[in-house]
Amino acid sequence: MKNKGILLVLSGPSGTGKGTIANKLIEDKDIVLSISATTRLPRDTEIDGKHYYFKSKDEFFNMLENNKLLEYAEYCGNYYGTPEENIDKWINEGKTVILEIETVGALKVKQKRPDAVLIFISPPSIEEQLRRLKNADTGVRNDIEKRIEKSREELKLADKYDYVVINDSLDRAVNEIKDIINKSKNTL
Ligand code: 5GP
């Protein structure tokens, strides 16, 4: 029988490149990215069911009332939540499941599932984070002030995470996370 996979939470302020890191990690067939539900409107490049499950507020709160979400949080005026449905199936198949979520939700996951591994991705510098935010697509740029304010709150929670990984170079950060995954699997 295949060994179990792990539940891996990736958080970090907007502009840290955690989405790019997650996309690189899922090139490995044993790593899957959970698709969240959100009440945020889709950006031009986003596809329903691929980037998010885009929901109305009613639909989102229906999921919540029916215990379909492992966690949820509000972020810059919108709700985001992790569908619980497939997580254990994937873990039992030996897959590492990535939740790319903000800090409030991440800490809720740790309470519910203490064996989840929490990684905080930190930008190499505030200047670099601002540069990435300004180059992001319009949906992000319109929210820039709110997102910078949120970053300050999120950075204060970094010490509650199991690991902090600095995204100074994509390949280096991805390799560091792969090492953490292997180490965590060996201690299950
Ligand atoms: P964005 O609007 O840039 O796609 O996401 C905003 C924030 O919400 C990011 O920090 C992202 O990681 C977080 N997020 C995405 N999905 C979820 C989720 O299911 N739960 C929680 N708590 N945060 C999420």
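The second largest pocket of this predicted model has a volume of about 240 Å³. Its lining is made up of 13 residues, and those nearest the centre of this pocket are I35, Y53, P83, E85 and N86. Sorted by class, the lining of the second largest pocket comprises seven nonpolar, two polar and four charged residues.

The largest pocket comes next, with a volume of about 1,200 Å³. Here 40 residues form the lining, and K18, G19, R43, Y52 and E100 are the closest to the centre of the pocket. The class division of this lining is 14 nonpolar, 14 polar and 12 charged residues. Several helices and strands take part: at least two lining residues come from each of helix 1, strand 5 (69-75), strand 6 (78-83), strand 7 (96-100), helix 5 (126-135) and helix 7 (144-156). Helix 1 makes the greatest contribution to the lining of the largest pocket, supplying four residues.

The axes of helix 1 (residues 18-25) and helix 8 (residues 170-186) come within 10 Å, and they cross at roughly 60°. The two helices are therefore oblique to each other. The crossing of helix 1 past helix 8 is right-handed. On the side of helix 1, the contact involves T20, I21, K24 and L25, while helix 8 contributes L170, D171, A173, V174, I177 and K178. Six nonpolar, one polar and three charged residues make up this contact of helix 1 with helix 8.

A further helix pair brings together two other elements named in the lining of the largest pocket, helix 5 and helix 7. Their axes lie 11 Å apart, and the packing angle is about 150°. Helix 5 is thus roughly antiparallel to helix 7, because angles over 145 degrees count as such. As helix 5 passes helix 7, the crossing is right-handed. Helix 5 brings Q129, L130, L133 and K134 to the contact, and these meet I144, I148 and S151 of helix 7. By class, the contact of helix 5 with helix 7 holds four nonpolar, two polar and one charged residue.

Helix 1 and helix 8 are oblique, whereas helix 5 runs roughly antiparallel to helix 7. A right-handed crossing is found for helix 1 with helix 8 and likewise for helix 5 with helix 7.

Note on methods:
Residues numbered from 1 in each chain as written. Predicted model: local features only at pLDDT ≥ 70, side-chain atom pairs only at ≥ 80, totals over all residues. Heavy atoms only, no water. Axes fitted to C-alpha atoms, helices over the stretch in contact; angles between N-to-C directions. Parallel < 35°, antiparallel > 145°, perpendicular 65-115°, else oblique. Left-handed = near helix turned anticlockwise from the far one by under 90°. Contact = heavy atoms within 4.5 Å. Nonpolar A, V, L, I, M, F, W, Y, C, P; charged D, E, K, R; others polar. 1 Å grid on protein atoms, 1.4 Å probe; cavity = no way out; pocket = protein on both sides within 12 Å on 5 of 7 lines; lining within 4 Å. Points joined across faces, edges and corners; volume = space filled by probe spheres on them.
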